[in-house]
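These are my notebook entries on a predicted model. I record what I looked up, in the order in which I looked.

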Amino acid sequence: MMQEAAAHKTASEAAPLLDVRDMTVQFFSRHGTLTALDNVSFAIRPGEVLGIVGESGAGKSLTGASIVGLLPDSGRVTAGEIRLGEQRIDNLDRTRMRRIRGREIGLIFQDPQTSLNPLLTVGKQLVQTITSHLDMSAAAARQRGIELLRDVGIPAPERRIDSYPHQFSGGMRQRVVIALALCADPRLVIADEPTTALDVSIQAQVLALLQDLVRKRGLAIMLITHDMGVIAEVADRIAVMYAGRIVEIGPVRQVIDSPSHPYTAGLMSAIPKLGDRARRLVQIDGNMPRLDAVPSGCAFNPRCPRVMDICRVERPQLRPARAGHAACHLYPALPQAET
Amino acid sequence: MMVAQTQRPDRAASTPQLVVKDLRKQFDLTRSVAGRLLGHQQYLKAIDGLDIEIARGTTFSLVGESGCGKSTVARCIVGIYKPTSGQVLFDGVDIAQMRGRKVMLPVRRRMQMIFQDPYASLNPRWRVSQIIAEPIRTHGLLPDRQAVQKRVDELLVQVGLAPGDGRKYPHEFSGGQRQRISIARALASSPDLIVCDEPTSALDVSVQAQILNLLRDLQEELGLTYLLISHNLAVVAHMSTRLGVMYLGRLVETGDSQLLFGQPLHPYTRMLLSAVPDVGGAAVKRVAIAGDVPNPISPPSGCSFHPRCPFVQDKCRMVPPVPSMVQGRLVACHVLAEHGELPA
């Protein structure tokens, strides 16, 4: 049942598992139309961890929700397409989408407290989820549930399976949530801030677990987080979002150590680093624009230290920049310029 | 205590701004009156004997995981909680057992606090200028409205806002700007000490950088002393002069921030530091991490870290370690006290 780990090594050459192209998500209301995601494109290959980073309101979580069809009623994917393997999934009806969700794509949310039903034992929730996706008897599903709990590192799973969520600690509860996401052996897991509610020592344990799952199961993970440290630790590639757009995407070390986009560069030097007291933090003045007031041209232009005339009028497209891609007018003009 | 109160506090730079001696705080968790009468009392020892010294113009940080008691320490110091026992010497005067608004007022003026959530800590029905002027009015610092208004405008500028912002309401500001308003309010009474409880935890990194820079600029400009409470070790490393690492209500390691970050000694400090995901990518030597923080209602015997400690010895299970000086910092660890270092 487990996929071979071999997929991991050749991740960069393999065909994408998830392919999102020019996805635009809009919200409609009495006050008009808001474009929340604007031409978002990226791909995730089997066995790859793609980190999606950005500040609050950049559209990270919305990107995840759009892929699995969990947009609020007023929101719609209005352009672009989403493919999971060979299948197009952005135009599926609710019933068919529900089959993909859980079966093909597992979901992990931030707060383990609210993603579990407090009134049911962990075992009941596992059995329910397993039998709704896989053709299995309740007894077999329970057995599988115990194995999953063991896989995610819960001690004495044959006993713990009959506990209620509140009987687990925060870290253990998040492991249960991960086990639930893995119930139907999905190929892709979307993890939205999976460790944000946890303490650092517990966070380190959960991150190690996720990495282990990628290695052992060839799982692909879309890891949404605001914590650059978490991304640096776990992701293979990262996509940086700003005001509903991807501004830079590329290999993780590349983007962190020598970012191409001025926003990424600002973000990286704004992060305090261990053992570095003397340095004053670089600050990006101002705030991310609200969705109803995104500046014309490049959305970052009012805050950009390297703004040019063209940035105010023409929206930059993602173009090759160093080892990755950046949506910035600096790049067609001076390809692979200064370091 | 009487002596301390009758003497004029010595304001020479040599007296520490704040000294905390053997601070203890218990919360009574006994549910029913009957239980109380029958003596089935249950206590949570949130702080279990804590000593801190903060020199003027410096930043002392308390770090630790949720439930270690760091916020309780902050609250005991500013007087939101009454400590069960121990001393809090502010400028040499014990304020831990002071009671009553009149006695506390002069101390409160010189000690302010910034809270984590800038959405919850500002009154939504007040204009920003009212919010900032409140400490000035409470302490009767300025004679008339015009002087107050002038001071509010100055404060707004000092924290990077515009004088005109005073007419707005908190909801018109972003999280970072609201935290600036909180800082302006804290500065309004010209305090000596500001207790910052997770001041940037609710903010995005680019905004966090703005606030941290502002706090450091203000410290330099006004000679402020900070007590910083944070779970974010990178923020602490960036801000602190000295550092205290807490575990279940006790300090396990206290010393110079650079020393502790460069060369952590206590097994818990080591574990904590190696657990931080760092963007630096410089492969930190990982220390194996096991287990959870135990329940503080029934903490482990002896050293409360012993069930998670890879270096545990028999003594650790029975006797709580007393902080002792090892390699230039205070460490509460039997193994370190005996051998001066941990086994390789």
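**Entry 1: a salt bridge within chain A.** I looked up Arg142(A) and found that it forms a salt bridge with Asp162(A). The closest N and O atoms of this pair are 3.1 Å apart. I then asked where the two partners sit in the chain. Arg142(A) belongs to helix H5 of chain A, which covers residues 138-151. Asp162(A) lies in the loop between helix H6 (157-160) and helix H7 (170-181) of chain A. The two residues are 20 residues apart, and the pair thus links distant parts of the chain. For the structure as a whole, I noted 31 salt bridges over all chains.

**Entry 2: the salt bridge between the chains.** I next asked how many salt bridges there are between chain A and chain B. The count is 1. In a salt bridge between these chains, Asp217(B) is paired with Arg280(A), and their closest N and O atoms are 2.7 Å apart. I also looked up the polar contacts between chain A and chain B, and the count is 11 residue pairs, both residues being at pLDDT 80 or more.

**Entry 3: the side of chain A that touches chain B.** I listed the elements that give two or more residues to this side of chain A: helix H8 (200-217), helix H9 (228-234), helix H10 (252-257) and helix H11 (262-270). H8(A) provides the largest share, with 6 residues. Sorted by class, this side of chain A has 16 nonpolar, 10 polar and 11 charged residues.

**Entry 4: the extent of the interface.** I recorded that 37 residues of chain A are in contact with 40 residues of chain B. Together the two chains bury about 3300 Å² between them. Of this area, 52% is on carbon and sulfur atoms.

**Entry 5: annotations and domains.** I consulted the UniProt annotation, an unreviewed entry, which gives "domain: ABC transporter" for residues 20-268 of chain A. I found the end C-alpha atoms of that span 26 Å apart, and the span is 39% helix and 27% strand. For chain B, UniProt places the feature "domain: ABC transporter" at residues 18-273, again from an unreviewed entry. The end C-alpha atoms of this span of chain B lie 27 Å apart, and the span is 39% helix and 25% strand. Lastly, I looked up the domain assignment of chain A, which gives domain 1 (105-183) and domain 2 (245-333). Taken over C-alpha atoms, the centres of these two domains of chain A are separated by 40 Å.

Definitions and conventions: Residues numbered from 1 in each chain as written. Chains lettered and ligands numbered in written order. Predicted model: local features only at pLDDT ≥ 70, side-chain atom pairs only at ≥ 80, totals over all residues. Heavy atoms only, no water. UniProt positions renumbered as here; feature names shortened; annotations may be inferred. Helix = DSSP H or I, 4+ residues; strand = E, 2+ residues; numbered from the N terminus. Domains from an automatic or database assignment. Contact = heavy atoms within 4.5 Å. Buried area = accessible area lost by both parts, 1.4 Å probe. Salt bridge = Lys/Arg side-chain N within 4 Å of Asp/Glu carboxyl O. Polar contact = N/O pair within 3.5 Å; in protein donor to acceptor, adjacent residues only side chain to side chain. Nonpolar A, V, L, I, M, F, W, Y, C, P; charged D, E, K, R; others polar.
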